[in-house]
Amino acid sequence: MDPAQAAVPPMLIDYVPVLILLGLIVGFAVFNMLLSDVMGGKRRSIAKGSAYECGMEPQGSARIRLSIHYYLVAVLFILFDVESIFLIPWAATAKAFQAQQLGSIVFAEIALFALILGVGLAFVWRKGGLDWDR
Amino acid sequence: MNPLLRDILVWLVKAGVVYGGLLGVAAGMTLAERKVSAWMQYRHGPNRVGPWGLLQPIADGVKFIFKESLTPDGANRWLFRFAPAIAAVPAMMTVAVIPFGPAVPLPDSWGVPAAFTNLSVTDLDIGLMYLLAIGGLSIYGVILGGWASNSKFSLLGGLRASAQMISYELTLILTILAVVALSGSLSLRGVVEAQPDFWEWNVFHQPLAFVLFSIAAFAETNRHPFDFAECEPELVSGFHTEYSSMRFALFALGEYCAMVVMASLWTTLFLGGYKVPFWENAPWFVCVAAFCAKTSLFLFLYLWVRWTLPRFRFDQLMHLGWKVFLPLALVNLFLTGAAVSYGVDLW
């Protein structure tokens, strides 16, 4: 197809197969879940509906407070995930910049950015934020 | 027939074949898991259904359908019922960008001129970003399923799984970025085309990234020796303790699909993807066979490691991820970036 005549921009056309696949997969998942809802047995009892705790009576609620470590890991993850998002465009274009003799300045900029985050990692490390068993 | 109709037909066929293949390989992995485990322990493994137990996955599927899909009384009904789909769908969606073969000629028929189609569901130019973005979504299914079950084992399993997956995702992204910097492309096909012959495979250019990626892949897919999400002696079966029937099967299927995709990604990034060593311009079916062989290698590694290494402790896992892998991956990316940016050929 001539890109100029295409109804959708040619780059977006690449996403149509993704939607087709999404349809297939969601269809498969929902169909299977419904199938087992319809075909499966339906005998309920109090013991069956209770939470599994190795045969004992369930003790208390499972809506408990969590260790602070999980939050800390999540926050650190967001920090470094955002860093990696900023690194993606640089990584994809580093070679092209080098070809235009711009490699060193672009690298210096991104290295400064990564260095600041590296200092952040060192700080968290020093403060014991990465010690799980503290 | 007009060209657009032909395009749509090709898309449908490719999506169907790839998804069918993914499910087939995932089902095969459930059998291989038990078979290889059995062989490594000097047993037979499943051998009753079909020759050598080959029909076991089908028997399992039928059995899953006829089992009761139980929702515990204390569970959050809707979250509990949808969590398996939320976990499985993104894991399966990631297969869309995996290139498993080169361009294949389409026949000149029905008045449409001959053309080529690339062997992959689609070739996004930001393929790796798509893969990371969509693949990361399956954490929601895991943590929602664990929380919605209202069971302590599920909750702890879900928490552990999510903490582990996000920690190792960083290592995974940074090692992938080193490969991207070297290839100058975010498209997976671009990465494959950047390693045309054997000595240009990224495993030789990025040995550190290769090792880090291989190990992080185990943690990312919750596989032994990092299977804390469902480590049997502690958490029964982790976040899917309360699940039964097809909902349990979807969680398992999602995990196996994630393993298959991770193995394909490993092949694509480091082992030249569908390239055949020492045979340039190999016919497309040889390329597809080479891709499958390389991917099977990593899939076998999953099983091999499972019966070789003891399980880690959770704090060791987090230490390894944050204090060893993350700094190493950063340093590796820094050195690779410097080499690329200053035009130094490391090889």
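Student: Hi! Which residues have the most contacts inside the largest nonpolar core?

Tutor: Those are B:Ala88, B:Leu177, B:Phe213, B:Cys257 and B:Val260, in a core of 132 residues. Here a nonpolar core is a set of buried Ala, Val, Leu, Ile, Met, Phe, Trp, Tyr and Cys residues joined through C-beta atoms within 7 Å. Buried means 20 or more other C-beta atoms within 10 Å of a residue's own, exposed means 12 or fewer, partly exposed lies in between, and C-beta atoms are placed from the backbone.

Student: And which helix gives the most to this core?

Tutor: Helix H6 of chain B, residues 152–183, with 20 residues. Helices are DSSP runs of H or I with at least four residues, strands are runs of E with at least two, and both are numbered from the N terminus. This is a predicted model, where local features need pLDDT of at least 70, side-chain atom pairs count only at pLDDT 80 or more, and totals for chains, interfaces and linings use all residues. Residues are numbered from 1 along each chain as its sequence is written, while chains are lettered from A and ligands numbered from 1 in the order in which they are written.

Student: What is B:Leu177 in contact with, leaving aside neighbours within four places in sequence?

Tutor: On that basis B:Leu177 is in contact with A:Ser84, A:Leu87, A:Ile88, A:Ala91 and B:Leu333. Contact means that the two C-beta atoms, placed from the backbone, lie within 7 Å.

Student: How many residues does the contact take from each chain?

Tutor: It takes 67 residues from chain B and 58 residues from chain A. On the side of chain B that touches chain A, H6(B) has the largest share, 13 residues. That side divides into 42 nonpolar, 15 polar and 10 charged residues. Nonpolar covers Ala, Val, Leu, Ile, Met, Phe, Trp, Tyr, Cys and Pro, charged covers Asp, Glu, Lys and Arg, and the others, Gly among them, are polar.

Student: Switching to B:Gly337: buried or exposed?

Tutor: B:Gly337 counts as buried because it has 24 C-beta neighbours inside 10 Å. B:Gly337 lies in helix H13 of chain B, residues 314–341. Beyond its neighbours within four places in sequence, B:Gly337 is in contact with A:Ala94, A:Phe107, A:Ile110 and B:Ala181.

Student: Last topic, chain A. How many helices and strands?

Tutor: Five helices and zero strands.

Student: Why is chain A more spread out than a compact globule?

Tutor: Its radius of gyration is 26 Å, well over the 14 Å that the globule rule gives for 134 residues, so chain A counts as more spread out. That radius is taken over C-alpha atoms, and the rule is 2.2 Å times the number of residues to the power 0.38. Of the 134 residues of chain A, 20% count as buried.
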